[in-house]
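Subject: Structure handover

Hello,

Please find the structure below, followed by what was found in it.

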Amino acid sequence: VPEGSASHSQANLDWGKSDEAHKAIGYGAEILAYTAADLICDPELLREIQEEFQHRLQEERTQQEEKL
């Protein structure tokens, strides 16, 4: 997409129909699929990620409360 093109422009629409765009979507889908497979095959990894998420969420809530 040409730099400075609006999200809903004709240039953006045209680029989205290109082979390059379709390859990028396929690559992104592969990344998501492999990530999901890693989490399914390694429950410990999933648990660690969930714990880290909860920890960061709590930190964010604490920071927001301190601002009040």
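His8 lies in the segment before helix α1, which covers residues 10-16. Helices here are DSSP runs of H or I with at least four residues, strands are runs of E with at least two, and both are numbered from the N terminus.

Some notes on the source. The model is predicted: local features need pLDDT of at least 70 and side-chain atom pairs count only at pLDDT 80 or more, while totals for chains, interfaces and linings use all residues. Residues are numbered from 1 along each chain as its sequence is written, and side-chain values use heavy atoms, with hydrogens and water left out.

The segment before α1
His8 has a relative accessible area of 82%, so it is exposed. The cut-offs are under 20% for buried and over 50% for exposed, with partly exposed in between (1.4 Å probe, protein chains only). Ser5 lies in the segment before α1 as well, and its relative accessibility of 26% makes it partly exposed. Ser5 and Cys41 are 36 residues apart along the chain, and their C-alpha atoms are separated by 41 Å.

The chain as a whole
The secondary structure consists of three helices and zero strands, in the order α-α-α from the N terminus. The radius of gyration is 20 Å, well over the 11 Å that the globule rule gives for 68 residues, so the chain is more spread out than a compact globule. That radius is taken over C-alpha atoms, and the rule is 2.2 Å times the number of residues to the power 0.38. Of the 68 residues, 1% are buried.

Where α2 meets α3
The axes of α2 (residues 19-41) and α3 (residues 43-67) come within 5 Å and cross at roughly 105 degrees. Axes are lines fitted to C-alpha atoms, for helices over the stretch in contact, and angles run from 0 to 180 degrees between N-to-C directions. The two helices are therefore roughly perpendicular, a label for angles of 65 to 115 degrees (under 35 is roughly parallel, over 145 roughly antiparallel, the rest oblique). On the α2 side the contact is made by Asp38, Leu39, Ile40 and Cys41, and on the α3 side by Pro43, Leu45, Leu46 and Ile49; contact means heavy atoms within 4.5 Å.

Regards
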